[in-house]
Amino acid sequence: MSDLLKIADKTYHSRLLVGTGKYKDFAETRAAIDASGAEIITVAIRRTNIGQTAGEPSLLDFLPPEEFTYLPNTAGCYSADDAVRTLRLARELLDGHKLVKLEVLGDPHTLYPNMIETLAAAKTLVKDGFDVMVYCSDDPIIAKQLEEIGCVAVMPLASLIGSGMGILNPWNLQIIIDNAKVPVLVDAGVGTASDAAIAMELGCQG
């Protein structure tokens, strides 16, 4: 595995992606991101102001896109149409930014992905010129289909979002990694540093 993480046409020294939600304010968000050393930050477009709400503090003022790679995501979207609409808005707000994280949820309690809607959204977004990183189930067939559609990275869940249960199915994850020609980054359910280490040992790139 290379020391650098390469996604689409850009390389990164850090393999850690950090979210920007659930902090007290944007100043605390900035402090946490700085402490983490992360270069890629995820932004829930439906929950975080990056210019769509005039007159309110904007994340852009605290985490300038010149310093960090923004990864707008579709948290809270339950259909392909909503996800596509949200990421087109993000592209407009971020002056043509192409790298995005697609997630289409199927259930509000488990936050498990709806893979039928995810596949549909991925096809539309790739055709529309986006570089799509995609949250998905740990189904090796689905993961390969997303790669073949043109996604630049697949992000299978380790376990349910927010559960902290770690990697529940390392065998499926290993199959995904062995068959992938794009980066595989484990997403959701990582509760400890040792969970992240296990993912890396399996061959995940982040």
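Author: Helices and strands are here DSSP runs, of at least four residues (H or I) for a helix and at least two (E) for a strand, numbered from the N terminus. The model is predicted, and the mean pLDDT of the chain is 89, with 99% of its residues reaching 70 or more. Confidence is highest in helix 3, residues 115-127, at a mean of 97, whereas the lowest mean, 80, belongs to helix 6, residues 193-202.

Helix 3 is also one partner in the pair to be looked at closely, the other being helix 4, which spans residues 140-149. Their axes come within 9 Å and cross at roughly 15°; because angles under 35 degrees count as roughly parallel, helix 3 is therefore roughly parallel to helix 4. The crossing in which helix 3 passes helix 4 is right-handed. On the side of helix 3, the contact is made by Met-115, Thr-118, Leu-119, Ala-122, Lys-123 and Val-126, and these are met on helix 4 by Ile-142, Gln-145, Leu-146 and Ile-149. Sorted by class, the contact of helix 3 with helix 4 has seven nonpolar residues, two polar and one charged.

Away from that pair, Asn-73 is found in strand 5, residues 69-73. Its relative accessible area is 7%, and since buried means under 20%, Asn-73 counts as buried. Leaving aside its neighbours within four places in sequence, Asn-73 is in contact with Thr-42, Val-43, Ala-44 and Ile-45, as well as with Thr-86, Leu-87, Lys-101 and Glu-103.

Ala-8 lies in the loop between strand 1, residues 5-7, and strand 2, residues 10-12, and its phi is near 55°, a positive value in a residue other than glycine. With a relative accessibility of 32%, Ala-8 counts as partly exposed, because that class lies between the 20% and 50% limits. Lys-22, for its part, is placed in the loop between strand 3, residues 17-19, and helix 1, residues 26-36. The phi of Lys-22 is near 70°, again a positive value in a residue other than glycine. Its relative accessible area is 89%, and as exposed means over 50%, Lys-22 is exposed.

Note on methods:
Residues numbered from 1 in each chain as written. Predicted model: local features only at pLDDT ≥ 70, side-chain atom pairs only at ≥ 80, totals over all residues. Heavy atoms only, no water. pLDDT = per-residue confidence, 0-100. Axes fitted to C-alpha atoms, helices over the stretch in contact; angles between N-to-C directions. Parallel < 35°, antiparallel > 145°, perpendicular 65-115°, else oblique. Left-handed = near helix turned anticlockwise from the far one by under 90°. Contact = heavy atoms within 4.5 Å. Nonpolar A, V, L, I, M, F, W, Y, C, P; charged D, E, K, R; others polar. Buried < 20%, exposed > 50% of the residue type's maximum accessible area, 1.4 Å probe, protein only.
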